[in-house]
Amino acid sequence: MDQLSRILVVDDVANNIQVAMNILREDNYELSYAMSGNDALALMRTQSFDLILLDVMMPDIDGFEVCKRIRMDLKHRDVPVIFLTARADVDSVVRGFELGGVDYIVKPFHAAELLARVRTHLELHTAKALLQKHNISLRQKVELTERRLLSELEQTQLEMIHILTELMEFTSDETGRHIKRVAEYSQLLAQLHNSLTEEDAIVIFHASPMHDIGKVFVPEAILHKPGKLTVEEYDVMKTHTTRAHDFLKNSPRRILKAADIIAWQHHEHWDGSGYPRGLKGHDIHIYGRIVAVADVFDALTHKRVYKPAWTVEDTVAYIVNNSGTHFDPYLVELFRDNLDQFINLAEV
């Protein structure tokens, strides 16, 4: 052992303490003593011990009560307590073990017996402490490994999203810039929302670029048609939400699950008039509601093959006028009250 084991001897008879300490010195322990239960408890408040030899019959509080209080002390509750007493009746022995004592030595005791039992319980206590330390170390190692693996998995998700986003950018140069701006608007709305965390904001920033990933399944003739779509063509265009869901729905990963929600729900309307499922109000996931605002703000303020760019004023008026129908009213309020921040993010 690197340092001496510390033993506390508690007895109200000085001679008993002296006898016990003389014997224990043979094994080179660091010894302390107390002549009452209260003195012992006071000593334990300022010092730490590896084993306690405790008399049962003492005048202020008996050894049973002292043991009970030791077991409530976080610092000493696992320290072995050996009772030293002249009481050898079964009830006393049973009570001692019930209160947390590890052994019971009847006075007068033999030197060899005392030394052997003290040595045994110190070794058991040390082994238990080492095992607990090992278990803590092992648990920490497992937790660190799990965090590392989760981090690697999330990095893999981000790389996959980056690749898919680049695929979307091939559809047009404007689409690529649109994707980046929608991510920034969405993150800002999430940060302003009083019920979302910074973690939500980070997730939505990484997941929102996938909001239109389903358009890779839409024919180019429809996707880049300069004029208004026919009813049939518009029906095909709307399938980009369900095609994206079919593509993403089986992923158990947090960011890809968020991407699935966003791609599937960002065209739902607050009043239930949207697509693909006609969801209404809070049945639409908050991620989908946020990206709905961000997507429309960017789409209207920038030129498309089928329309010229709107002014910021007209776009804001459209979003405000459609609060409670197309858009979540609370999100529209956040958007309107923090409009300068959204304009700063835009390339208008």
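Visitor: What does the predicted model require of a feature?
Guide: Local features need pLDDT of at least 70 and side-chain atom pairs count only at pLDDT 80 or more, while totals for chains, interfaces and linings use all residues. Residues are numbered from 1 along each chain as its sequence is written, and side-chain values use heavy atoms, with hydrogens and water left out.

Visitor: Why is the contact of Arg69 and Glu65 called a salt bridge?
Guide: The term requires a side-chain nitrogen of Lys or Arg within 4 Å of a carboxyl oxygen of Asp or Glu. For Arg69 and Glu65 the N to O distance is 3.0 Å, so the pair meets the definition.

Visitor: What makes Asp212 buried or exposed?
Guide: Buried means under 20% relative accessible area, exposed over 50%, and partly exposed in between (1.4 Å probe, protein chains only). Asp212 has 7%, so Asp212 is buried. Its salt-bridge partner Lys215, with closest N and O atoms 3.4 Å apart, has 21% and therefore counts as partly exposed.

Visitor: Why is H10 called largely enclosed?
Guide: Of its 12 residues, 9 are buried, so H10 is largely enclosed by the rest of the structure. Among the buried residues are Ile255, Asp260 and Trp264.

Note on methods
Helix = DSSP H or I, 4+ residues; strand = E, 2+ residues; numbered from the N terminus.
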